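Subject: Structure for you to look through

Hello,

Here is the structure I said I would pass on. Please open it beside this email and follow along.

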Amino acid sequence: MRKRNESVTVEHERAASAAAPAPLDKGCSLRHSLRLPAAADTGMKRPLGRVFLVLSQSFLSFLLNGTLLVTLGIAVSVVMGWVVCRCPAIQAKLVFLNFVRVPYFIDLKRPQDQGLNHTCNYYLQPEEDVTIGVWHTVPAALWKNARGKDQLWFEDALGSSHPVILYLHGNAGTRGGDHRVELYKVLSSLGYHVVTFDYRGWGDSIGSPSERGMTYDALHVFDWIKARSGDNPVYIWGHSLGTGVATNLVRRLCERETPPDALILESPFTNIREEARSHPFSIYRYFPGFDWFFLDPITTSGIKFANDENVKYISCSLLILHAEDDPVVPFHLGKKLYNIAATSRSFRDYKVQFVPFHTDLGYRHKYIYRSPELPRILREFLGKSEHEHHH
């Protein structure tokens, strides 16, 4: 026991023993003050102190490294944002998403592969060096007659006694997108011709996308329809980004005094700035200077899609459809656009209607076609428009 105690205190006594002889007790043995508890405390404090120091240094290093990572992440984000802001080509791609082709492995020349057996694929040329792919789906009542027919038969069919809907799709994907195809089927079953196309730069259409180009493509297809449809009503239906193309088109048609018989906007926004600010992918919108840094360059590059301004110059019936749980174009933007249109003098002689779809229905951004109420809504609204057209 004594030898063990000596080993505990030997470091403390070493300096003293070197300077002077140790005192002896009566038994001629070394006198020890048994300070075992104190020695034990000292021996434990030092390892604990070292552990605490190591942990503190590790934690501080972690904080510093984390801060560096966050700072580096912010720096990279800012640089990427700067690149996006200063590169119009990247801006356009982020707005249009025309490079996203879903579903990818489909042959757009064969709409029948998507269950559209009464659909014909065309190619039209709005401008030199621009070619756009078009699908024309006839009303379901003409399905049997349409089997095996060529393009000329389909073109002539536009003059049959059925109204026509020109459908303008949103960004990303093609005219063969799943939810779009399902809507064509619904509209065909209700007795409408459906003509849709991919803007230049989308799908198999040739050309570079731009707001001006998209609008001109839509104008070309509208005129192509009117040249073949006789007195049949022609309606324009735009979805999401396609609502921007639709109001651009209809404003131009109204200015030249050839308006469509009605305009239908599904999941519309007010303008591209407000939509970009509200979009779930706009992760930078909480940063100071977001408008100046990201939105201003987009609008100054010519991408505006100003639905809120266009509706002030539109003179035809307007129907707005919007789901409350839309995660892409917030519901409040569609309602705001309706309020602007409803108070506009240009609509004073026309019907303006807003139809919301409750969150519980789960229609979100692109599934309004599933609504069992949609046939009734269209029948009541477009029936009124057809009455106005013929009288």
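Below is what was found in it, starting with the whole chain and ending with single residues.

This is a predicted model, in which local features need pLDDT of at least 70 and side-chain atom pairs count only at pLDDT 80 or more, while totals for chains, interfaces and linings use all residues. Residues are numbered from 1 along each chain as its sequence is written, and side-chain values use heavy atoms, with hydrogens and water left out.

The whole chain

The chain has 13 helices and 8 strands; these are DSSP runs numbered from the N terminus, with helices being H or I of at least four residues and strands being E of at least two. Of its 391 residues, 44% are buried. Here buried means under 20% relative accessible area, exposed means over 50%, and partly exposed lies in between (1.4 Å probe, protein chains only). A contact means heavy atoms within 4.5 Å. Among contacts with a separation of 6 or more, 75% are between residues 24 or more positions apart.

The cores

In soluble globular proteins, nonpolar side chains tend to be buried together. A nonpolar core is a set of buried Ala, Val, Leu, Ile, Met, Phe, Trp, Tyr and Cys residues joined through side-chain atoms within 4.5 Å. Which members of the largest core touch the most other members? They are Phe-96, Leu-166, Leu-168, Phe-197, Ile-236, Leu-263 and Phe-305, out of 56 residues. This core takes at least three residues from each of domain 1 (63-96 + 284-302) and domain 2 (100-283 + 303-382); the bounds come from an automatic or database domain assignment. Leaving out residues up to four places away in sequence, Leu-168 touches a list that includes Phe-197, Ile-236, Trp-237 and Leu-249. A second, separate core has 30 residues, among them Leu-108, Ile-165, Tyr-235 and Leu-319.

Two residues with positive phi

Most residues other than glycine have a negative phi. Leu-97 is not a glycine, yet its phi is positive, about 50 degrees. Leu-97 sits in the loop between α3 (88-96) and β1 (119-127) and is partly exposed, at 23% relative accessible area. Ser-267 also is not a glycine and has a positive phi, of about 55 degrees. Its place is the loop between β6 (262-266) and α9 (272-278). Is Ser-267 buried or exposed? Ser-267 is buried, with a relative accessibility of 0%.

Gly-362 is in the loop between β8 (352-357) and α13 (374-390). Gly-362 is partly exposed, at 29% relative accessibility. Not counting residues up to four places away, Gly-362 touches Asp-325 and Tyr-367.

His-220 lies in helix α7 (residues 211-229) and is partly exposed, at 26% relative accessibility. The C-alpha atoms of His-220 and Glu-127 are 9.1 Å apart, although the two are 93 residues apart along the chain. Beyond its neighbours within four places in sequence, His-220 is in contact with Leu-124, Gln-125 and Pro-126.

Regards
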